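Try each task yourself before you read its solution.

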Amino acid sequence: MSDTFDHSGVPADELLAAEVALGVLSGPERTQAEQRRLREPAFDAMVIAWEERLAPWAAEIDEVAPPPRVWDNIAAQLPPQAAARGGLWQSLAFWRGLALAGGALAAACLAALVYLGTLSPAPPLVAAIGSDGRQHFVAAVDVRRGTIAVVPASFAADATRVPELWLVPSGGKPRSLGLLSADRGVTITIPADLIAQTTSNATLAVSLEPPGGSPTGQPTGPVIGSGKLTTL
Amino acid sequence: MNLDANRSLIAASLARIPDGDRAALQTVYRLTSAKLFGVVLRILNERSEAEDVLQEVYLTVWRKAAAFDPARASPMTWLITIARNRAIDRLRAGRQVRRIEPIEAAAGVSDDAPVAESVLQSEQENARLHACLESLANNERAALRGAFFDGNTYEELAARMRVPLGTMKSWIRRAMIKLKSCLEQ
């Protein structure tokens, strides 16, 4: 443990906790202190309190965007998404497989039909959102429920930006429908005032935006793809 | 973006990770990886090593998210602490060339004049810590800087500031006691 200095009556544990949080210990001293944290909740709480005091200092450190391979390596080491929770609809492999199988739009439409089942009396609207022949997302509108389901096809994650979905009415300005996920399907409730405009005259587009979405209400990042809504 | 919204988004995402929600981890990564990479890079001073440690950091977050208690720590503090600890572990494992250049004791609280506005941490907390650091003696503050930002041990700090080990321990401990009482005022 640390030497027992007399610092105006401050308990030795308090000083040790400060040293652990600051990270100045090395070798066996550091190992022993870490083990004490596991055994003694009171000591652990002291260390956490010190970490809280010091952490704001990190505001001074400049942010540095890591290269995309870091996330790829992390994702590769995660266990596969639990099948019971996600199901086929949220299985990225399934959708990527479909998209790669050729005739991506036809496949997506078929899958959308399977997903929507025969619940919807109105004919479903679908769109393949892509550019240059590459499908990034496929979308299916459930007109009856007023929802839109969007799954990634071959969209590559970007560590610093998030994909945002836009409804572009014929001759109108883009309206945000919400944020998408790079690795699973999401279902978005279409805002009431946009339902009337969600027709086969409209186009869906995806842009890359800062985390949390576009700060302006209009796309601010690159539009990575678009696709016209089509009635099946 | 709004600070509170950002904090709640990180906390809410951390809460979803124990269910095996990969998208939640990815959200946390998107919001925090640039800051944590900055922290790790600053300590390790070597890019490929820092990338490697950043991976470990998020895999640790994945495994330990259930242990995150929003009542005890803010999400950014929790994440920054994991990042610092993993980087220091790597440093102590010893393959790194340590920073051994002398520390200028007269150095100020921050490297560059204004502290960059952070979307992840509260300006109030920053200002308070800043004021308390300012109240320390120059040598004490310089020693704390070397420990916090460069991940130096007592021995390394003593060498960098050319003082005996016992003196360095006294400086750091006295500085931490002053800091605590200043922050509690």
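**Exercise 1. Find the residues of the largest nonpolar core that touch the most other members.**

Step 1: a nonpolar core is a set of buried Ala, Val, Leu, Ile, Met, Phe, Trp, Tyr and Cys residues joined through side-chain atoms within 4.5 Å. Buried means under 20% relative accessible area, with exposed over 50% and partly exposed in between (1.4 Å probe, protein chains only).

Step 2: the largest core has 79 residues, and B:Leu144, B:Met168 and B:Ile172 touch the most other members. Helix α2 (residues 22-44) of chain B gives the most to this core, with 12 residues. Helices (H or I, at least four residues) and strands (E, at least two) are DSSP runs, numbered from the N terminus.

Step 3: zoom in on B:Met168. Beyond its neighbours within four places in sequence, B:Met168 has contacts (heavy atoms within 4.5 Å) that include B:Ala143, B:Tyr154 and B:Leu157.

Before going on, a note on the model: it is predicted, so local features need pLDDT of at least 70 and side-chain atom pairs count only at pLDDT 80 or more, while totals for chains, interfaces and linings use all residues; side-chain values use heavy atoms, without hydrogens and water. Residues are numbered from 1 along each chain as its sequence is written, and chains are lettered from A and ligands numbered from 1 in the order in which they are written.

**Exercise 2. Say how far to trust chain B, using pLDDT.**

Step 1: pLDDT is the predictor's confidence in each residue, from 0 to 100. Chain B averages 85, and 84% of the residues score at least 70.

Step 2: compare elements. In chain B, helix α1 (residues 3-16) has the lowest mean pLDDT (82), and helix α3 (residues 47-64) the highest (96).

Step 3: Over residues 111-119 of chain B, pLDDT stays under 50.
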